[in-house]
Amino acid sequence: MLSTGIRVRLRRKTAMHAHDVQLRVHGTMGEAHHLGEIDDWLVRAHAGVAANAQTGRSSSRSIGGMVLAQARLIPGVLTGSARYERQSSGTRRNQAGPTTRTDVLTNGSDKASAFGAALRLNVDVTMTSRQRKLARAVTPGGPGRDAPEAKLLSGLHMEEQDVRLLTPSEFTVGPDEKARLDAGADQAPGPEHPVTGAAGIGDLAALPPTPTAGQLVRDWQLVETIGDGQPVRDLALELLSRAAARGEAGRRDEALGTEGLAPRLAVEERFSPRAITASLRQAASSGWVVKNLRYPRRMAALNGAVGTRLALSSPQLVHEAVGPGTETFILGGHQAGGQQGEGTSTTVQAGATLVQNGPEWRVGEGLSASWSTSTGDTEAATVSGTVERNAHTPKKAPLYLVRCDLLVTMVAEVKVTGGGPYVAGSARTLPGAAAVWLTAEQLRAAGVDLPESARKALKLERPRPENGPTTSRAEGSGAGAQTPARDGVGATGGGASRPGPGLSRDLPLGFGMIEDLPDFVPLLDGLRGNLAATGRQDLADDLLPRQQLRDRNDNVQRLLRVLDRDGSAGLLASAMDGGVTVELLDGRRTPYWAVFKVVRSGDGVREGAADDGRDMEYITSAAAQEATSHDEGESTGVESILAGSGKPDGGVGQLKSVGGATGLGIGSGSGRRRGGAARGQLGMKTVAEAKTAKSAKVRVPIVASLELHQGERRLAMAGSGRTSLVHRILESDLTALRRVTTPRRAPRPAPGAPTSGQAGLGAWRSAGVPLPMEAQANGFQGAARVRELVNMTIRAAGGSDRFREKGQAAAYTLGEAVSTEWLIAALPLLTNAGAELPPVHASGAKGQDLQASVHARLRAGRVLGTGDKMTFETAAQSDLGAPRPTQTDGQSAAEQSRQARGLLGAGVLNADEFRLNQLMGNTGGSGSATGAATNAAGSMPLHKPKFTSVLIQFTLDVRVVARVADRVRTSNTQVAERDLTLPTPVVIRMPLPVAGRLLAAHPTEIADPHDRLGLRTGAVPPGP
């Protein structure tokens, strides 16, 4: 409201014009004055951004028939006809892809500061009118760059009113510090500089910001302000106007910036202060893009996009504070869905025609009636799995307010009918426009002179031992850093590295935080370069264009959401377990696959204790949703027509023959729709508090790569070389994971035991240990093997190669459904009841439908050790064997419609010379009324016990059941089952009491020879 304003857009359309009326409420605020402190008043703030890179395919088939009968009831006078038509259709659709989300919030503090200020509100009403497409087609107009003007209809200026503002007390500053912030924000923007090396928006990710002075701030905790964002919006509109003028020097086309129209509203929304605050991490890592900016014209229609890369530089310390606590959530996962529908339609029509003839005239009357019905049923299923890591900073940890320059690098592209895209770019520095909060460690990484409190927090006054640990790179120095060291009291401070266990390269990165992640965005430019070097420049231009408007399927931006700072951190589990796949679409051709992989090149090395007081959360969630809908429709109609012809003057005059016709048709229709959806969720959040759970930093060597595949061939690859990341892990976990051993092979079934079907599945599952809902997998390694098992099972069931080949939509959907994140989150469900994958279809001459399920069995359990007290927050289910929905939705709708149509015309006929000159006019109208109702209900009780954590190693067996049905011959169905034992054990975390009950219930399947749980006496003393 204090910057772009709150806008309400109203639209009205006439036959020739479209009117856009905009109501804009904006305000100005006077000087704020402090009113005092309020005890026990928690003020929280939140900012976040989400990305979804899903792609899908659909197919449909139909078959029908028609029976037509005609008869001469009275020859030469009366004829009749009847028609019966019936058609059946089937539709299939699959959609899948990765998803990421980042949330940053403040937890508030015990006190809140209150401020009072005077707020004045203004309301402006403007209208912009444009000719509609029909008017532009039938009326003359110039081909120039017309741009409608917004007319101010009215305005309202309200009197001042007092408002009260609240903020955590720690976020307040003194008068001198406030003056320094205001002085920096009031500086004029710097001069514009051309952007070199940018052929389009796609090149922004490869252009690192280069400040003219000072050092870049690569990581921050919270964004305090970026100003009102007006210079950013002005630059975006200016570049769009330059590009829309086809890049001609000195000329502008302001159409995309017309007040009140959709393009300007999109720019103002996506570059508003709140949007920039939430997206600053993404904009600093790879870029922030606004697209689909359209302005239709007769001959010079515009289609534009604008992208920006932001950076912070020249930090200056303004204020020191203690607290409040903050949290940073980084989420990554995969989602896959399938939909199938069937429908039938029936039409019956009957009519009669009556003809009368005279010597010089002919008259005909026609009457027909029709009746049609249609029904349709649709079923859809979706599964998703996510892993979320959260890092807390303590409430009393030091935070530092730093004022920075905001570096803006922006590129705009505009296509004009018949040419383009035309590109305009510019870079500008906004001095002192941004203010961010940094921790002590981030302050040191930014190159700011450290105050005494920061030196104390970093323990720099303590002499560093000669063989102490070297200071690691500043957390977040890479664009992919997830959660940097928030208060800088970690192992990079001053304590000497204690000898301790490392982390085996064969084990996944489970509970903990990912820090110091390298920047993976340059892999995209490296892949383009590799394609060009091997003679495939055309392919690089088609799949990964440097201009956004040439990227019809948004390949570059979808790939960047996986490679950028938060995307790579959130999807790291998948990247380390076979890779993250992104479909790159190329028109209607078979898609290419880009695979982002992170391979561990060695064991993790312990760097020292992480004693900065940060709590850690590890959240796993698996969700499944099933939706059904049923549609019914019915329509009836009657049409009549009267036509006649005659021969004026006996046909000897100038007009040989004339004719005319008039007709009327009326109809009515009705439709009903009902549907429902049920959503089930299984989730676990484990929380380790720093005051009770000590953690360490482990340096993990890695090699990252980005590969491009066509079918089974790898066309190109770009690598990062040897690099590393830091994994913050609990000390107790690090010790326990050192005891992991190689799993045993699967036992053979007893003679006579069922091996297939429901009985065989039950016997197979009963030989293992079902996980309780309080259990959580500590990472997973082997998703690629499970996906290969799915492929083998489908092949055994007679499934098409489209279910397995790279580039096929069916194979992509299956791969996204069986993701690492989903296996981590859904493992308790898989060991109890199994889980159905979404329906997947393969198109072709016959087509096939696939329904598959995945089941798991845990055996050969071995207690690795007990750890610290943790909170186990569980989405409670009555029984994992038959989980209930956590939410259900119901929808119903009904529609009634009526329509009428009239026809009138006349003209000259000359059958001898085959001329027919007539003027016919018709008019029609329709009206409908729709009523809809929606109801929803849901409950998801949470259990939140706090117990000692236990890690138990299990051997994991996986069984896949696949059912493949022919779409044409549905009776042709084959079923196959296949098993697999993963070579890497799975480590499960659970509360100590639950582990004790599990050990008592399955004493032969879980071993605790060293009595690490302390449940019996006389056990072998625990080893190291």
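1. Lysine 946 has a relative accessibility of 39% in this predicted model, and therefore counts as partly exposed, since that class lies between the 20% limit for buried and the 50% limit for exposed residues. Its salt-bridge partner is glutamate 689, with the closest N and O atoms 3.4 Å apart. The two residues are 257 residues apart and link distant parts of the chain: lysine 946 belongs to strand E33 (residues 946-966), while glutamate 689 sits in the loop between strand E23 (657-688) and strand E24 (695-710).

2. Across the whole structure, 54 salt bridges are found. One of them pairs glutamate 192 with arginine 428, at 3.0 Å between the closest N and O atoms. Because glutamate 192 is in the loop between helix H2 (175-185) and strand E10 (216-217) and arginine 428 is in strand E17 (residues 419-438), this pair ties together parts 236 residues apart in sequence. Glutamate 192 counts as partly exposed because its relative accessibility is 29%. Shared partners place Glu192 and Arg428 in one salt-bridge network with Glu238, Arg242 and Arg252.

3. Arginine 297 and aspartate 253 are both buried. They form a salt bridge whose closest N and O atoms are 2.9 Å apart. Arginine 297 lies in the loop between strand E12 (288-295) and strand E13 (302-322), and aspartate 253 in the loop between helix H3 (230-244) and helix H4 (262-270), so the bridge ties together parts 44 residues apart in sequence.

4. A surface patch of negative charge comprises Glu37, Asp39, Asp40 and Asp110. Within this group, aspartate 40 occupies the loop between strand E3 (33-39) and strand E4 (45-52). Aspartate 40 counts as exposed because its relative accessibility is 74%.

Technical notes: Residues numbered from 1 in each chain as written. Predicted model: local features only at pLDDT ≥ 70, side-chain atom pairs only at ≥ 80, totals over all residues. Heavy atoms only, no water. Patch = residues over 30% accessible without salt bridge, like charges linked within 9 Å, V, L, I, M, F, W, Y side chains within 5 Å. Areas by Shrake-Rupley, 256 points an atom, 1.4 Å probe, with all protein chains shown as cover. Salt bridge = Lys/Arg side-chain N within 4 Å of Asp/Glu carboxyl O. Lys, Arg positive; Asp, Glu negative; His and termini not counted. Charge placed at Lys NZ, Arg CZ, Asp CG, Glu CD. Helix = DSSP H or I, 4+ residues; strand = E, 2+ residues; numbered from the N terminus. Buried < 20%, exposed > 50% of the residue type's maximum accessible area, 1.4 Å probe, protein only.
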